[in-house]
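I opened the notebook to go through the sheet, the nonpolar core and the aromatic side chains in turn.

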Amino acid sequence: MGELQRLTAAHAPALLAFETANRAWFARSIADRGDDYFAHFAQRHAAILAEQAAGLHHFHVVVDASGAIVGRVNLVDVADGRAELGYRIAASAAGRGLATAMVAQVCALAAGAYALTGLTAVTTLDNPASAAVLRRNGFIVDGPITLGDRSGMRYFRDLEIQRI
């Protein structure tokens, strides 16, 4: 299905290829990263790896059997035992349970190796597949939000009950 790997400098070329190939697909449901992201990818990649090393974030890629990146599952803004979950799956890998499986793995890492106590996540109302991934992984609705000009929901998962 896919292997979850912690993001490293070695992933940079494959990650840029993944983001470029799926840019239009992602823009259908989340804000586009913008041209600057792609133009300065190497610098941005180095910066996020430094932030990861400082414990501010936990970035992961999902790699298929051929070694291609087919997804990302990240925990960002780590503070006070909590982080925000974000994920994106390639168009070619969507609809097969990959997001659900990889989010489950990251939730387990968050509760275990990363010692987090809670996760938040957001999605737009017009992205029911993302909401389903969150519900399947034990997230509950925490309230409405607006993402850009789109209505959405904030979700929360208590990781402390996972430890019991």
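The entries below follow that order.

**Ground rules.** I am working on a predicted model, in which local features need pLDDT of at least 70, side-chain atom pairs count only at pLDDT 80 or more, and totals for chains, interfaces and linings use all residues. Residues are numbered from 1 along each chain as its sequence is written, and side-chain values use heavy atoms, with hydrogens and water left out.

**Sheet.** I looked up the strand order and found an open sheet of 7 strands, arranged S1-S2-S3-S4-S5-S7-S6 with mixed pairing. Strand S1 (3-6) and strand S6 (140-147) stand at the edges with a single partner strand each, so one side of each is left without a neighbour in the sheet. From one strand to the next the twist averages 25°; axes here are lines fitted to C-alpha atoms, for helices over the stretch in contact, and angles run from 0 to 180 degrees between N-to-C directions. Helices (H or I, at least four residues) and strands (E, at least two) are DSSP runs numbered from the N terminus, and two strands pair if DSSP finds at least two bridges between them.

**Thr120.** I placed Thr120 in strand S5 (residues 118-124). Thr120 counts as buried because its relative accessibility is 16% (buried means under 20% relative accessible area, exposed over 50%, partly exposed in between, with a 1.4 Å probe and protein chains only). Leaving aside neighbours within four places in sequence, the contacts of Thr120 (heavy atoms within 4.5 Å) include Leu85, Phe139 and Tyr155.

**Core.** The largest nonpolar core has 44 residues, of which Val73, Leu75, Leu85, Leu116, Leu119 and Phe139 touch the most other members. Helix H5 (residues 98-111) gives the most to this core, with 8 residues. A nonpolar core is a set of buried Ala, Val, Leu, Ile, Met, Phe, Trp, Tyr and Cys residues joined through side-chain atoms within 4.5 Å. Beyond four places in sequence, Leu75 is in contact with residues including His57, Val106, Leu116 and Leu119.

**Rings.** I searched the whole structure and found 3 aromatic pairs (ring centres of Phe, Tyr and Trp, its six-membered ring, within 6.5 Å; planes under 30 degrees apart stacked, over 60 edge-to-face, the rest tilted). The rings of Tyr37 and Phe41 have centres 5.6 Å apart and planes at 80°, so the pair is edge-to-face. Tyr37, Phe38 and Phe41 form one aromatic cluster.
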